[in-house]
Amino acid sequence: MAASRHNLLGLSLHQLSEFAERLGEKRYRGKQLFEWLYAKGAESFADMTTLSKATRERLEESACIEHVAIASQHQSHDDATTKFLVTLHDGLNVESVLIPPRIAFRSGDAENDDEQRRLTLCISSQAGCPLDCKFCATATMGFLRNLTAGEIISQVLQIRKAAHRPITNIVFMGMGEPMMNYENVMTAVEILISGLNIAARRITISTAGWADHIRRMADDGCKAKLAVSLHSAVDETRAMLMPINKKYNLDQLAASIEYYHATTKKRVTYEYIFFDGINDTEHEVARLIKFARRVPCKVNIIPFHSIAFTGVQGIGSQLRPSPKMNAIADRLREANLSVFVRSNAGEDIAAACGQLVVKTERQRARQTRIFDRTAVGQ
Ligand code: SF4
């Protein structure tokens, strides 16, 4: 592939229309390219049979369609969750997780609608992550780089092809903090909605609490849903579990969420893991209830999945699942909060929430170079 050729994957409809014009084509060619790339998943210009031969030749000379590659996939023995190792164009790897219907939530907790046909893909927005949440395997990788919009979309297209089924739901809950790769994530969301025809209400962006971009998401009219990894409504506890709380404390986070709700009228999801003796005390639960009442919300309780396999040190190595998790869920319901308890889907293949990590030799070497150059993180 010639380096000078323009990768079209990840371009929005507007960008593809501009590209078509620069190529000397009519602007509507951009719409045709958009449909071929995303709705039909064409992987070569030769596949684009509604374009003239001359147009396809011009495209071959000046453009390319650069996909990520699925390096391997592992299916859970306990459920049908599949974890994909995805290789980016520069050889870095990220993980994506395909979660089949009826296992996202524990029995009786499934959200009503058309659960039978739900196929959820959890995608990555960064290689590694700089935010250093203490319960997360990805944090042990450090930050490598942001994914391009094309790499984000290509995860979906390649895994859709491998799954032989339409993907109905997308969650930005894989590796990385999506709000730190805001522009590329928003372009990808636009393409998911209008190119891959995934309903906006089936796309969730999950943030560790990057308050400025929660406001920006509201101002930009982003139609995707917002989830916030909360894990404690007490500043000292949250700062210990999630260093981002030192940049955006709970007051700042709450103000951004209130702004988001006032602007969009949308309900917010809080993701919550209960850790034994840390955030499962009476005081912590009372503060959570108070925090959660600020705007309409639901609370997704996620069982803690061990990240001991990463060799994590410090507080991360001391975290244990709370034995009170189900009792707290009942307590929150009694407080009239909407509560769901997520399943352990994919735990046996380290594909459950918080367990994604890639440490190939190449990635280790790259990570070392980055850490030598600059102190990454908060
Ligand atoms: S939980 Fe999310 S934001 Fe926190 S370190 Fe892991 S990937 Fe990054």
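Two residues are taken to be in contact when their C-beta atoms, placed from the backbone, lie within 7 Å. Helices (H or I, at least four residues) and strands (E, at least two) are DSSP runs, numbered from the N terminus. The structure described with these terms is a predicted model, in which local features need pLDDT of at least 70 and side-chain atom pairs count only at pLDDT 80 or more, while totals for chains, interfaces and linings use all residues. Residues are numbered from 1 along each chain as its sequence is written.

**Two packed helices**

In the contact between helices α6 and α8, the residues A211, I214, R215, M217, A218 and D219 of α6 meet Q252, L253, S256, I257, Y259, Y260, T263 and T264 of α8. These residues of the contact divide into eight nonpolar, four polar and two charged, where Ala, Val, Leu, Ile, Met, Phe, Trp, Tyr, Cys and Pro count as nonpolar, Asp, Glu, Lys and Arg as charged, and the others, Gly among them, as polar. Two packed helices are described by the angle between their axes and the distance between the axes. Here α6 (residues 211–219) and α8 (residues 250–264) pack at an angle of about 5 degrees, with their axes 8 Å apart; the axes are lines fitted to C-alpha atoms, for helices over the stretch in contact, and angles run from 0 to 180 degrees between N-to-C directions. The helices α6 and α8 are therefore roughly parallel to each other, since angles under 35 degrees count as roughly parallel, over 145 as roughly antiparallel, 65 to 115 as roughly perpendicular and the rest as oblique.

**Domains and core**

The domain assignment of the protein gives domain 1 (6–64) and domain 2 (69–373), with bounds that come from an automatic or database domain assignment. The C-alpha centres of domain 1 and domain 2 lie 33 Å apart, and nine residues of domain 1 are in contact with 15 residues of domain 2. On the side of domain 1 that touches domain 2, the largest share, three residues, comes from helix α2 (residues 29–39), and the residues of that side divide into five nonpolar, four polar and no charged.

A nonpolar core is a set of buried Ala, Val, Leu, Ile, Met, Phe, Trp, Tyr and Cys residues joined through C-beta atoms within 7 Å. A residue is buried if 20 or more other C-beta atoms lie within 10 Å of its own, exposed if 12 or fewer, and partly exposed in between, with C-beta atoms placed from the backbone. The largest nonpolar core has 110 residues, and those with the most contacts inside it are L8, V156, I170 and L192. Helix α5 (residues 182–194) gives the most to this core, with seven residues. Domain 1 and domain 2 both give residues to the core, so it lies between them. In soluble globular proteins, nonpolar side chains tend to be buried together.

Not counting residues up to four places away in sequence, L192 touches V156, I170, I198 and I203.

**Residues in loops**

A224 is found in the loop between α6 and β11 (225–229) and is buried, with 26 other C-beta atoms within 10 Å. Leaving aside its neighbours within four places in sequence, A224 is in contact with V189, A200, I203, T204 and I205. A345 has its place in the loop between β14 and α12 (361–373) and, with 25 C-beta neighbours inside 10 Å, counts as buried.

H164, in the loop between α4 (149–163) and β9 (169–172), is exposed, with 6 other C-beta atoms within 10 Å. Its phi is near 55 degrees, a positive value in a residue other than glycine. N336 lies in the loop between α11 (325–334) and β14 (338–341) and counts as exposed, with 10 C-beta neighbours inside 10 Å; phi of N336 is near 65 degrees, again a positive value in a residue other than glycine.

The table sets separation along the chain beside C-alpha to C-alpha distance for some of the residues named above.

| Pair | Apart in sequence | Apart in space, C-alpha to C-alpha |
|---|---|---|
| L192 and G41 | 151 residues | 12 Å |
| A224 and M325 | 101 residues | 29 Å |
| N336 and I289 | 47 residues | 9.4 Å |
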